[in-house]
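Hi everyone, thanks for making the time. I'd like to walk you through one structure today, starting with a sheet and ending with a pocket.

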Amino acid sequence: NAVESVDSGPSRHDTAAVARRLLAEIGHAPEGERDRLLLERALAAAAEAQQILADQRRRIAELEALSVTDELTGLANRRGFTVAANHALATMRRHGGASALILVDLDDFKEINDTFGHAAGDQVLRHVGQILRSHVRDTDTVARIGGDEFALLLPGAPADLARYRASAIVRVIDRAVVRWQHALIPVAASFGLAQMTAADTLTDAIEQADASMTG
C-alpha cells in the first residue's frame, strides 16, 4: 500500500459543474458549430482524464517505492527485504531449492559516530551500501535492515558459494577507508550466513545468520 493518500481527482460535484458549463457554452453556439464544439470538448476532457490517471499511477508507484527503500543508502529497507525474502520462500515452497541469507554488521560503528559525528557515520553507511550493491547479482536483494546492519538475499545460491561471496565482500569492506573532511575513517565488518529452505521462516533464517556471525 502507498504510504500516503493520493488525490483521486475532481469530485462528482466538480464534474457536474464542468458538464453544466460545457452544455451552456455549446447551447449558446450557432447550431452548425455545436457538434464540432462538443467533439472538441469531449476529446479535451478525455485527454485531461488520461493525464490525471497517468500522474496518479506515477505518484502511487513513487510512494510504493519509497515505502520499501532506505532513504539514506538507496537500498531496500527492512520492509523491502521482508517482501523479497517472503517471495523467495514462496518460490522455494512451489519449486524447491534453497537461498542464502547473509547478514553484515559494521564493527565499532558507534565509535565512528562518537568520534566523527553522525554525518560521518551516514557517509560510511552509504559507502558500505555501494560496496554491497556492486558485489551481488541483479537477482539478489541488498538491504539496510538496521542502524549498521545489512542483509543480502541470494536466491538459489548454495551455501559454499554464499560463504565465498560473504567472505569476499567483508574483505573489501575491511580494506575500505572513507574520507571525511580531514580524516580517513577505516571500516570493518563481520558477517553471518544462513541457508534458507522451504521449511524455514525469515525469522528463523535471520536468527541462524546472526548466531553464526564472525569477523
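**A helix, a sheet and a pocket**

Let's begin with helix H3, residues 78-95, which lies across S1, S2, S3 and S6 and runs at about 25° to S3. Please keep in mind that this is a predicted model.

Now to the strands themselves. They form an open sheet of four, in the order S2-S3-S1-S6, and the pairing is antiparallel. At the edges stand strand S2 (141-144) and strand S6 (189-196); each has a single partner strand, so one side of each has no neighbour in the sheet. Going from one strand to the next, the twist averages 15°.

If you want a pair to click on, take Val104, whose bridge partner in S3 is Phe150.

On to the pocket, for those of you who like grids. The second largest pocket has a volume of about 150 Å³. Two elements, helix H4 (109-116) and strand S5 (183-186), each give two or more residues to its lining. Which one gives the largest share of that lining? That would be H4, with four residues.

As for who is there, the lining includes Asp107, Asp108 and Glu111, along with Ile112, Thr115 and Phe116. Ile185, Pro186, Val187 and Ala188 line this pocket too.

Definitions and conventions: Residues numbered from 1 in each chain as written. Predicted model: local features only at pLDDT ≥ 70, side-chain atom pairs only at ≥ 80, totals over all residues. Heavy atoms only, no water. 1 Å grid on protein atoms, 1.4 Å probe; cavity = no way out; pocket = protein on both sides within 12 Å on 5 of 7 lines; lining within 4 Å. Points joined across faces, edges and corners; volume = space filled by probe spheres on them. Pairing = 2+ DSSP bridges. Axes fitted to C-alpha atoms, helices over the stretch in contact; angles between N-to-C directions. Contact = heavy atoms within 4.5 Å.
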